[in-house]
Amino acid sequence: MTTTLEFPVLLRLIDERSSAFRAAVASAPGLDVQVPTCPEWTLFDLAQHIGEGRRSWAATVAAGPAPAKSSADGATDAPREREALSAWLAESTEQLVDALRNAGPDRGCWTWWAASQSPQTCGAVARHQLQQLAVHTYDAQLTAGAPQPLPTEVALDGVEEFLFTCVATTSAWPHKPTAFDFHATEGHSWRLTVDGDGARTTRVPAPGTTPAVPAGEAPVAPGVSVRGTAGELVLFVYDRIPADSLEVEGDTGLFDLLRAWEPEE
């Protein structure tokens, strides 16, 4: 199974995760219940975030390449009645998917990531939007008391998308150079290397192997490796589950350093 999803598949999965999110909201005991994985939010706050965020990104995608993020001018507020909220959420996702479909995967788009391994294109926006919906759907399901594993095809793409988009940087790592290995039990592995040149991720053929490095450079040995299902890895990197939920070898304190790092770019 490949870890990179085609654009039409991304759009389909965005719609599917949105439907799953709405189902979780509908089954929860109330909209004012606290979200365990986002304790500063109620379920209504989470739903509002999902709806407003998708409308904002729809406007940004529709604006084409631009120097700044666009706002969804005139957007309606999230209704507090549950059935109306579900319809508003569905409309929010429809706006995003329609904007992405009309733009296509290769058109440039403003993004908050610049010096990363993800391009500033509508395809990369779709890829990240899917992961945002997938993780927040888990949050909503957990709040409703029925958390479900992330779909495998979503999760496999999600590990790499997180590393390429949220971690990659050209800012120098302020500690001793090291590497983090991520192994999905479905058969895919990635190595995140951090050093004076920043942070970058490469695919690793299999656990115990070394990724290709430029001529004249020595590979950096992993300081820590983590193994679990792709879904568990995604939930771990997004701080939804602790490290002891997975198989970890090496210095777990490196994860604390990575999470505390704030690149200067």
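Student: Okay, how do S4 and S5 pair, parallel or antiparallel?
Tutor: Antiparallel, and 7 bridges hold that pairing. Keep in mind that this is a predicted model.

Student: Which residue in S5 does Asp195 face?
Tutor: Gly198 stands opposite Asp195 there.

Student: Remind me, how do strands in a sheet pair up at all?
Tutor: Through backbone hydrogen bonds, with the strands either parallel or antiparallel.

Student: Let's talk about S3. How many of its residues are buried?
Tutor: 7 of the 7 residues of S3 are buried, so S3 is largely enclosed by the rest of the structure. Both faces are covered: one side has Thr178, Phe180, Phe182 and Ala184, and the other has Ala179, Asp181 and His183.

Student: How does S3 pair with S4?
Tutor: They run antiparallel, joined by 7 bridges. In that pairing, His183 stands opposite Ser189 in S4.

Student: What about the hairpin of S3 and S4, how many residues are between the strands?
Tutor: There are 3 residues between them, and Gly187 in that hairpin takes a positive phi near 110°.

Student: And in what sense do S3 and S6 pair?
Tutor: S3 and S6 pair in the parallel sense, over 6 bridges. Ala179 has Pro222 in S6 as its bridge partner.

Student: Then how do S6 and S7 run?
Tutor: Antiparallel, with 4 bridges joining S6 (residues 222–228) to S7.

Student: New topic: helices. At what angle do H4 and H5 cross?
Tutor: Roughly 115°, and the axes of H4 (residues 122–143) and H5 (residues 152–167) come within 10 Å. That crossing is left-handed.

Student: Which residues in H4 and H5 meet?
Tutor: On the H4 side they include Arg127, Leu130 and Ala134, and on the H5 side they include Val154, Glu161 and Phe164.

Student: Zooming out, how many helices and strands does the chain have?
Tutor: It comes to 7 helices and 7 strands. From the N terminus on, the elements run α-β-β-α-α-α-α-β-β-β-β-α-β-α.

Student: Why can we say the chain is as compact as a globular protein of that length?
Tutor: Because its radius of gyration is 19 Å, close to the 18 Å that the globule rule gives for 265 residues. The C-alpha atoms fill a box of roughly 60 × 40 × 35 Å along the principal axes.

Student: What share of the residues counts as buried?
Tutor: 50% of the 265 residues count as buried. The chain exposes about 12,000 Å², and 52% of that comes from carbon and sulfur atoms.

Student: Last one: how much of the contacts comes from residues 24 or more positions apart?
Tutor: They account for 68% of the contacts with a separation of 6 or more.

Conventions. Residues numbered from 1 in each chain as written. Predicted model: local features only at pLDDT ≥ 70, side-chain atom pairs only at ≥ 80, totals over all residues. Heavy atoms only, no water. Pairing = 2+ DSSP bridges. Helix = DSSP H or I, 4+ residues; strand = E, 2+ residues; numbered from the N terminus. Rg over C-alpha atoms; globule rule 2.2 N^0.38 Å. Buried < 20%, exposed > 50% of the residue type's maximum accessible area, 1.4 Å probe, protein only. Contact = heavy atoms within 4.5 Å. Areas by Shrake-Rupley, 256 points an atom, 1.4 Å probe, with all protein chains shown as cover. Axes fitted to C-alpha atoms, helices over the stretch in contact; angles between N-to-C directions. Left-handed = near helix turned anticlockwise from the far one by under 90°.
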